[in-house]
Amino acid sequence: MPYALVPDGYKLEKVTKAQKEAVDKFASTNATTAFLAGPASGELVKAVAIVVTPIVLAALAKQVDLPDFNVTSFIDEQLSKILPDLGIDFSP
């Protein structure tokens with residue numbers, strides 16, 4: 001039989017396999033909720049947006065042939081607007 005820290009007072013107890021799975025799921029749910037409620041999740045979204053947006057824009061620009069649109073300068077211009085607000089030095 002496995003052991004688990006049961007949330008009721010966090011006491012280490014012998015538990016069945018089903019109880020162990022329930023305790024693990026409970027702990028995982030609490031950890032996920034705590035992460036999403038904290039400031040780190042917002043920073044993660046910003047970081048992903050900064051990394052993914054230029055890649056998506058470049059891929060779209062390759063599919064749509066716009067002769068007067070320079071993807072690199074557009075991305076540099078957008079990053080120069082966003083990154084200083086995040087405290088990141090950006091010089092294209």
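Modeller: A nonpolar core is a set of buried nonpolar residues joined through side-chain atoms within 4.5 Å. Keep in mind that this model is predicted.

Biologist: Which residues form the largest nonpolar core here?

Modeller: The largest one has five residues, namely I50, V71, I75, L79 and L83. Helix α3, which covers residues 71–82, gives three residues to this core, the most of any element.

Biologist: What share of the 92 residues in the protein chain is buried?

Modeller: Buried residues account for 12% of the 92 residues in the protein chain.

Biologist: And how many helices and strands does the protein chain have?

Modeller: The protein chain has three helices and two strands. Read from the N terminus on, the order of its elements is β-β-α-α-α.

Biologist: Back to α3. How does the span between its end C-alpha atoms fit its 12 residues?

Modeller: The check takes 1.5 Å a residue, so the 12 residues of α3 should span 16 Å. The end C-alpha atoms of α3 are 17 Å apart, which agrees with that value.

Biologist: Which residues of α3 are buried?

Modeller: In α3, V71, I75 and L79 are buried. They sit on the same side of α3, because they cover an arc of only 60 degrees around the axis. V71, I75 and L79 also belong to the five-residue core, together with I50 and L83.

Biologist: Now the charged side chains. How many salt bridges are there?

Modeller: First the general idea: side chains of opposite charge can pair when their charged atoms come close. In this structure the count comes to three salt bridges.

Biologist: How far apart are the closest N and O atoms of K20 and D24?

Modeller: They are 3.2 Å apart, and K20 forms a salt bridge with D24. Both residues are in helix α1, where a separation of four residues puts them about one helical turn apart. K20 has a relative accessible area of 25%, so K20 is partly exposed. D24, at 39% relative accessibility, is partly exposed.

Biologist: Which residue forms a salt bridge with K46?

Modeller: The partner of K46 is E43, with 3.4 Å between the closest N and O atoms. K46 and E43 both lie in helix α2, three residues apart, about one turn of the helix. K46 has a relative accessible area of 37% and is partly exposed. E43 counts as partly exposed too, at 46% relative accessibility.

Biologist: Which residue does E77 meet in a salt bridge?

Modeller: E77 meets K81, at 3.6 Å from N to O. E77 and K81 are four residues apart in helix α3, so about one helical turn separates them. E77 counts as partly exposed, at 43% relative accessibility.

Biologist: One more residue. In which helix does K17 lie, and is K17 exposed or buried?

Modeller: K17 lies in helix α1. At 63% relative accessibility, K17 counts as exposed.

Biologist: How far apart in space are K17 and P2?

Modeller: From C-alpha to C-alpha, K17 and P2 are 6.9 Å apart in space, while 15 residues apart in sequence.

Methods
Residues are numbered from 1 along each chain as its sequence is written. This is a predicted model: local features need pLDDT of at least 70, side-chain atom pairs count only at pLDDT 80 or more; totals for chains, interfaces and linings use all residues. Side-chain values use heavy atoms; hydrogens and water are left out. Buried means under 20% relative accessible area, exposed over 50%, partly exposed in between (1.4 Å probe, protein chains only). A salt bridge is a side-chain nitrogen of Lys or Arg within 4 Å of a carboxyl oxygen of Asp or Glu. The expected span of a helix is 1.5 Å times one less than its number of residues. The arc is that of the directions from the helix axis to the C-beta atoms.
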